[in-house]
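Please look through the model shown here.

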Amino acid sequence: MTARVWVRRYGALMRNAWLVDLQYRASIVLWVLWGVMEPAIALGIWWSIAGAGAVGGYTRTDFARYFFALTLINQLTIAWDSWYLDRWIREGDLNFKLPRPLHPVHEAIADNIAYKARSAGTLLLIWVAVSIVWPVVRLPFAPTTILITAVAVVLAAVLRFLISFTTGLLAFWTTRATSIMELHAGISLFLAGRIAPLSLLPPVVSGVASWLWFPYMLSFPVTLLTGAAHGHALWVGFRGQLIWIAIWLVACRTAWRAGIKRYGAAGG
Amino acid sequence: MSRARPFAVLGALWKLNAAEELQYRANFVASFASTAFYLLTALLTLSLFFRHASSLGGWDFWEVVVLLGVFNALSGLVEAILRPGIGDLAAQVRSGNLDLVLSRPVDAQAFVTFRHIDIWRLADIILGLGVSTYALLHVGRFPSGMQIVAFVVTFVAAALVVYAIWVTLMSLAFWFVSVENIATLFDAVFEGARYPVSAYPAALRFVFFYLLPVAWTTTIPASALTGRLSAPTAVLAAGVGGAALVLSRLLWRAAIRHYTGASS
């Protein structure tokens, strides 16, 4: 009974989000392009550096696969919520969302699913098209790998959503919530593996990363898909994802409760 | 359209503009901090590449840092002048505010280009050139007077090329109204100008050379500073800059001729 209600609710929210996105097709293409250029530039540089040999165990082919997987998984896990929340809170759009009988977080989740389906779907088509003319980026088809990666991608998407949402909630207290998110993005450039596979970082840096949530946002699912992570790394990866999801969930709920209390006080 | 005293008009605009921006001094700290952080990540990225390589496309570490400084200066120019000025064109076409500009007795293209300047971002230009200077001093390769002249000429040419790209992208607004995010296209590709063109594989080089020609904009002025630029290339770059200016002018005229106002 309740399950059916939630399916109906999410169906409506996602249809709505899908139709809203449909109006901004050109914008979405531009955002996807923006998401493609950063890994494309990094791949270009590593490709030249690797030459005919290997860098830290990575050959040209490995780099190509790594950055193609990264582009796709980044698009599947990216969350823009801190920017939306920042605007909702600063401009008062949140006022219209609060009286609804549904927590605003559900709208944000539905938006994410619709956006990711569209943008990642586009990227997947591009990948398939490229792999026809450029065999280097073909991945061996292994159903188990894809299944395990899918689970890790969902967990990474949850983690990144919680981080983005929580950071956006900081707009209750500061006008620079999006700057904090930019700072986080800058750090994730290195610690999440966006600029290079983590194993190419100086050992001290990748050591620090392993104590934080960054590798579980992106690097872990990417190495799963390219087949670089197995055995013990699998266990460490999933454990890390679950631990950090739990921590950010608590942070998110705490920030929401405290923020709403403060927001009410300020507006009333 | 008479173009009486364009500099007096611009001067008055900038005075207003400065008075407006000076109210928000905290923005200077925020803007400076974000640029400094951006430069820091760029330098860390570079040192990561150079952990595994001794050169990028034949450029050593400090030469690429010189280029990075030029890139930062150029993107400061984009953020300070182009984005708030010509970057706002699409919104003005859509809202109809362009009609108010066109009816004024000033050169509309110059007015739209320079009407609003984000003065805090001008600091990025100084910061960028500072980074380049530091890198040059660090390796003790002080550029000669001739090299500095070549740098200034090619840097101005690069700015004109970037300007022409923006005019081209923004002019699309006259034909297709909803192109407000088109600047994202520039941002995405301009990132490629952070490294020397020679550091890329052929396919990417093609994109940066011909599709959106941002490669010219940083590699050539930086080459002038590091003494890699030949005289013919410098002359060619100056020619390309001049051609870009003419092109942006022609494009603007064609777009305005096509434009019929928001109300019709």
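Read along the sequence, chain A follows the pattern α-α-α-α-α-α-α-α-α-α-α-α. That comes to 12 helices and 0 strands, where helices (H or I, at least four residues) and strands (E, at least two) are DSSP runs numbered from the N terminus. This is a predicted model, in which local features need pLDDT of at least 70, side-chain atom pairs count only at pLDDT 80 or more, and totals for chains, interfaces and linings use all residues. Residues are numbered from 1 along each chain as its sequence is written, while chains are lettered from A and ligands numbered from 1 in the order in which they are written.

The confidence of the predictor in each residue is given by pLDDT, on a scale from 0 to 100. For chain A the mean pLDDT is 89, with 98% of the residues at 70 or more. Among the elements of chain A, the lowest mean pLDDT, 85, belongs to helix 5 (residues 94-97) of chain A, and the highest, 95, to helix 10 (residues 214-217) of chain A. Where pLDDT is low, the predicted coordinates should not be read in detail.

The overall dimensions of chain A come next. Along the principal axes, the C-alpha atoms of chain A fill a box of roughly 65 × 40 × 35 Å. Of the 268 residues of chain A, 40% count as buried. A residue is buried if 20 or more other C-beta atoms lie within 10 Å of its own, exposed if 12 or fewer, and partly exposed in between, with C-beta atoms placed from the backbone. Of the contacts in chain A with a separation of 6 or more, 77% are between residues 24 or more positions apart; two residues are in contact if their C-beta atoms, placed from the backbone, lie within 7 Å.

A:Leu155 lies in helix 7 (residues 143-169) of chain A. It counts as buried because it has 22 C-beta neighbours inside 10 Å. Leaving aside neighbours within four places in sequence, A:Leu155 is in contact with A:Gln241 and A:Ile245. A:Leu139, 16 residues from A:Leu155 in sequence, is 22 Å from it in space, C-alpha to C-alpha.

Chain B also has 12 helices and 0 strands. Its radius of gyration is 19 Å, close to the 18 Å that the globule rule gives for 264 residues, so chain B is as compact as a globular protein of that length. The C-alpha trace of chain B spans about 60 × 40 × 35 Å along its principal axes. Buried residues make up 41% of the 264 residues in chain B. Residues 24 or more positions apart account for 81% of the chain B contacts with a separation of 6 or more.

Within chain B, helix 12 (residues 231-258) has 28 residues and reaches 41 Å from its first C-alpha to its last, close to the 40 Å expected at 1.5 Å a residue; the expected span is 1.5 Å times one less than the number of residues. Among the buried residues of helix 12 of chain B are B:Ala234, B:Gly241 and B:Trp252. The buried residues of this helix pack against helix 6 (108-114), helix 8 and helix 11 (215-226) of chain B.

B:Thr226 is found in helix 11 of chain B. With 23 C-beta neighbours inside 10 Å, B:Thr226 counts as buried. Neighbours within four places in sequence aside, B:Thr226 is in contact with B:Glu63, B:Val66 and B:Arg141. B:Leu67 is 159 residues from B:Thr226 in sequence and 9.1 Å away in space, C-alpha to C-alpha.

The contact between the chains takes 28 residues from chain A and 26 residues from chain B. On the side of chain A that touches chain B, helix 2 (25-50) and helix 8 (177-191) of chain A each supply at least two residues. The largest share of that side, 15 residues, comes from helix 2 of chain A.

Technical notes
Rg over C-alpha atoms; globule rule 2.2 N^0.38 Å.
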